[in-house]
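Please keep the sequence and the model side by side while reading.

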Amino acid sequence: MIAESERQQLMAALAKLPLKYREVIVLREMEGLSYLEIAETTGTAIGTVMSRLSRGRAELRRTLELSLHRHEQNAV
């Protein structure tokens with residue numbers, strides 16, 4: 001149950017990301033593509049892929065931390 005809840009939180013946080021970040025995160029983390037493969041798939045430079053991954057991961061982390069914080073406040 002906990003794993004399913006965490007998966008749902010992750011998917012909800014992913015859905016909130018701008019498409020340009022969500023796309024590269026899904027291709028890298030879920031599909032296992034290399035930076036070069038992502039660059040070819042999205043038609044962007046490798047540097048852009050790296051930048052979007054970094055920014056997307058940071059935004060995803062912030063969203064998940066806020067969600068966790070809200071969940072902890074509601075539990076008290």
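The axes are lines fitted to C-alpha atoms, for helices over the stretch in contact, and the angles run from 0 to 180 degrees between N-to-C directions.

This is a predicted model, in which local features need pLDDT of at least 70 and side-chain atom pairs count only at pLDDT 80 or more, while totals for chains, interfaces and linings use all residues. Residues are numbered from 1 along each chain as its sequence is written, and side-chain values use heavy atoms, with hydrogens and water left out.

The chain has 4 helices and 0 strands (DSSP runs: helices are H or I of at least four residues, strands E of at least two, numbered from the N terminus). Of its 76 residues, 21% are buried (under 20% relative accessible area, with a 1.4 Å probe and protein chains only).

Helix H2 covers residues 19-30 and reaches 15 Å from its first C-alpha to its last, close to the expected 16 Å (1.5 Å times one less than its number of residues). Its buried residues are Tyr21, Val24, Ile25 and Leu27. Seen down the axis of H2, these fall within an arc of 165°, so they line one face of the helix (the arc is taken from the directions from the axis to the C-beta atoms). After H2 comes Gly32, with a positive phi near 75°.

The axes of H2 and H3 (residues 35-42) come within 10 Å and cross at roughly 135°; the two helices are therefore oblique to each other. On the H2 side, the contact (heavy atoms within 4.5 Å) is made by Glu23, Val24, Leu27 and Arg28, and on the H3 side by Tyr35, Ile38, Thr41 and Thr42.

Technical notes. Buried < 20%, exposed > 50% of the residue type's maximum accessible area, 1.4 Å probe, protein only. Parallel < 35°, antiparallel > 145°, perpendicular 65-115°, else oblique.
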